[in-house]
Amino acid sequence: MTRRDLRVVVAGGGVAGLEALLALRSFAGHSVELILVTPDDDFVYRPLEVVEPFDPRAMVRVPWQRIAADLAVGHRRAGAQEVDLDGNRLRTTTAGELSFDVLIVATGATPRPAIPGGITVGAPGATERLRHLLGTLRAGHIRRLAFVVPPGVTWSLPLYELALLTARFAREAKQEVDLSVATAESEPLEVFGSGAGETVRELLDDSSVRLATNGLVQRRVGERTWLEPPAGPRADAVVAMARLAGPYLRGLPADGDGFLTVDEHGRVEGESDVYAAGDATSFAVKQGGLAAQQAEAVASEIARRAGAEVEARRFKPVLRAMLLTGEAPRYLRVALTAAASRPERSDQSPWWPPVKIVGRHLAPYLAGHVDWVAPA
Ligand SMILES: Cc1cc2nc3c(=O)[nH]c(=O)nc-3n(C[C@H](O)[C@H](O)[C@H](O)COP(=O)(O)OP(=O)(O)OC[C@H]3O[C@@H](n4cnc5c(N)ncnc54)[C@H](O)[C@@H]3O)c2cc1C
């Protein structure tokens with residue numbers, strides 16, 4: 001095989017997919033052929049899904065057609081369906097079968113509702129349902145609104161942002177609404193360790209949002225189980241983070257929840273030509289910055305296979321968050337490696353550009369291609 005022949009198929013056009021494509025072009029130039037398989041027309045900047053119900057102009061979408069032209073990527077508008085590991089072929093929904101030398105699975109996770117009847121953050125249709133909820137609130141028909149972080153959710157930040165932005169919205173609409181957060185975490189933003197929780201507690205307190213930690217009750221009747229916020233007045237509406245399931249891509253080994261287990265280079269356990277990055281992997285924290293870090297590690301490894309002289313970048317997770325508060329954003333950072341660092345908090349962004357998804361290649365690329373509207 002010549003270097004030029006290395007054919008990399010990327011399945012999934014989210015954060016991990018985009019970072020992998022950008023990093024591969026940067027590390028390996030045109031010594032790799034890049035094919036993207038995704039059903040999406042646009043790259044969607046998902047963190048802004050919390051702002052979109054309040055201000056649709058803030059959402060960022062970049063057409064894949066434009067990115068694909070920029071990076072010389074072949075875009076197949078289709079879903080990945082099944083992987084034939086013996087033949088190195090990917091079966092797709094509408095683009096037939098694609099052969100690959102290397103496959104990167106970046107198909108994300110599937111959001112599952114945690115609270116029956118609630119609005120599930122990150123699920124299809126959530127933005128429209130949240131916008132409708134805000135309209136109902138403005139009209140004075142919502143008196144009690146609960147925000148819920150179910151057990152097993154490691155990335156809870158969007159829920160706190162929604163609670164804080166809703167508090168501001170209610171103030172501006174001059175509506176008295178009893179707002180509460182019930183989280184299964186022992187502290188808000190538990191994943192950051194001690195310190196971050198304090199920041200969130202203060203912000204919620206200043207906005208008169210009640211907080212209950214360790215605060216969900218599991219109910220069971222017969223075969224059915226569900227979660228409820230703790231005893232207290234029933235809410236008129238509930239907004240909850242999704243529980244995430246893996247992609248269950250046929251032909252690939254997966255853990256019990258359908259996620260792909262990978263090593264520090266992103267290689268899928270037991271496979272030589274299949275890599276995975278982002279929410280599709282079994283790494284516990286499902287977050288955009290981490291998805292980008294994993295994708296970069298994968299890209300460096302594949303670029304080396306293609307003969308590029310690039311340093312191997314192992315996945316050493318560092319969590320960075322820009323928390324939208326309704327006022328000035330706050331910034332949090334912590335290393336999740338074995339020798340975990342102490343969390344850092346600040347009012348100024350410690351990274352540049354000051355964005356919500358910190359990806360080495362993706363952040364500057366989007367900064368140069370998007371007209372950002374300042375988030376709320
Ligand atoms: C409301 C909200 C707010 C968030 N805020 C932040 C934040 O502030 N900071 C942060 O870092 N992270 C944030 N996150 C998390 C972050 O968005 C995700 O962790 C990140 O998008 C994961 O990237 P990914 O590429 O693995 O998956 P995704 O971004 O979900 O992308 C997966 C892609 O694969 C495509 N796909 C699915 N199935 C298939 C298939 N079979 N074949 C081909 N393509 C497929 C999907 O259409 C999608 O384009 C937030 C998430 C939500 C929902």
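Two residues are in contact when heavy atoms of theirs lie within 4.5 Å; in that sense, and leaving aside its neighbours within four places in sequence, asparagine 88 is in contact with Leu98, Ser99, Phe100, Asp101 and Asp273. The structure is a predicted model, in which local features need a pLDDT of at least 70 and side-chain atom pairs count only at pLDDT 80 or more, while totals for chains, interfaces and linings use all residues. Residues are numbered from 1 along each chain as its sequence is written, and side-chain values use heavy atoms, with hydrogens and water left out.

**Domains**

- The domain assignment, whose bounds come from an automatic or database source, divides the chain into domain 1 (3-109 + 246-315 + 357-369) and domain 2 (113-242).
- The centres of domain 1 and domain 2, taken over C-alpha atoms, are separated by 31 Å, and 11 residues of domain 1 are in contact with 14 residues of domain 2.

**The surroundings of the ligand**

- The ligand has 32 residues around it, and those that come nearest are Ala16, Asp40, Ala80, Asp279 and Gly288; a residue is near a molecule if one of its heavy atoms lies within 4 Å of it.
- Both domains take part, since the shell around the ligand draws at least three residues from each of domain 1 and domain 2.
- Sorted by class, the shell holds 14 nonpolar, 12 polar and six charged residues, where Ala, Val, Leu, Ile, Met, Phe, Trp, Tyr, Cys and Pro count as nonpolar, Asp, Glu, Lys and Arg as charged, and the others, Gly among them, as polar.
- Two or more residues of the shell come from each of α1 (15-28), β2 (32-38), α4 (157-172) and α6 (288-305), and α6 gives the most, with three residues; helices (H or I, at least four residues) and strands (E, at least two) are DSSP runs, numbered from the N terminus.

**Two buried residues**

- Asparagine 88 is found in the loop between β6 (80-84) and β7 (89-92), and this residue is buried, with a relative accessible area of 18%; buried means under 20%, exposed over 50%, and partly exposed in between (1.4 Å probe, protein chains only).
- The side chain of asparagine 88 makes a polar contact with the side chain of aspartate 273 at 3.1 Å, a polar contact being a pair of N or O atoms within 3.5 Å, of which, within protein, one must be able to donate a hydrogen and the other to accept it, while residues adjacent in sequence count only if both atoms are side-chain atoms.
- Isoleucine 35 lies in strand β2 and counts as buried at 3% relative accessibility.
- Not counting residues up to four places away in sequence, isoleucine 35 touches Arg7, Val8, Val9, Val10, Val73, Gly74, Arg76 and Leu98; valine 73 is 38 residues from isoleucine 35 in sequence but 5.5 Å away in space, C-alpha to C-alpha.

**Loops and backbone features**

- A cis peptide bond, with omega about -5°, joins tryptophan 352 and proline 353, and proline 353 lies in the loop between β22 (344-346) and α7 (362-369).
- Lysine 174, in the loop between α4 and β13 (178-183), has a phi near 55°, a positive value in a residue other than glycine, and counts as exposed at 73% relative accessibility.
- Serine 208, in the loop between α5 (196-206) and β14 (209-212), likewise has a phi near 55°, and serine 208 is exposed, with a relative accessible area of 58%.
- Proline 253 lies in the loop between β18 (243-245) and β19 (274-276) and is partly exposed, with a relative accessible area of 35%; the residues in contact with proline 253, apart from neighbours within four places in sequence, are Leu260, Val268, Glu269 and Glu271.
- Glycine 307, in the loop between α6 and β20 (318-323), is partly exposed at 27%, and 62 Å separate glycine 307 from glutamine 175, C-alpha to C-alpha.
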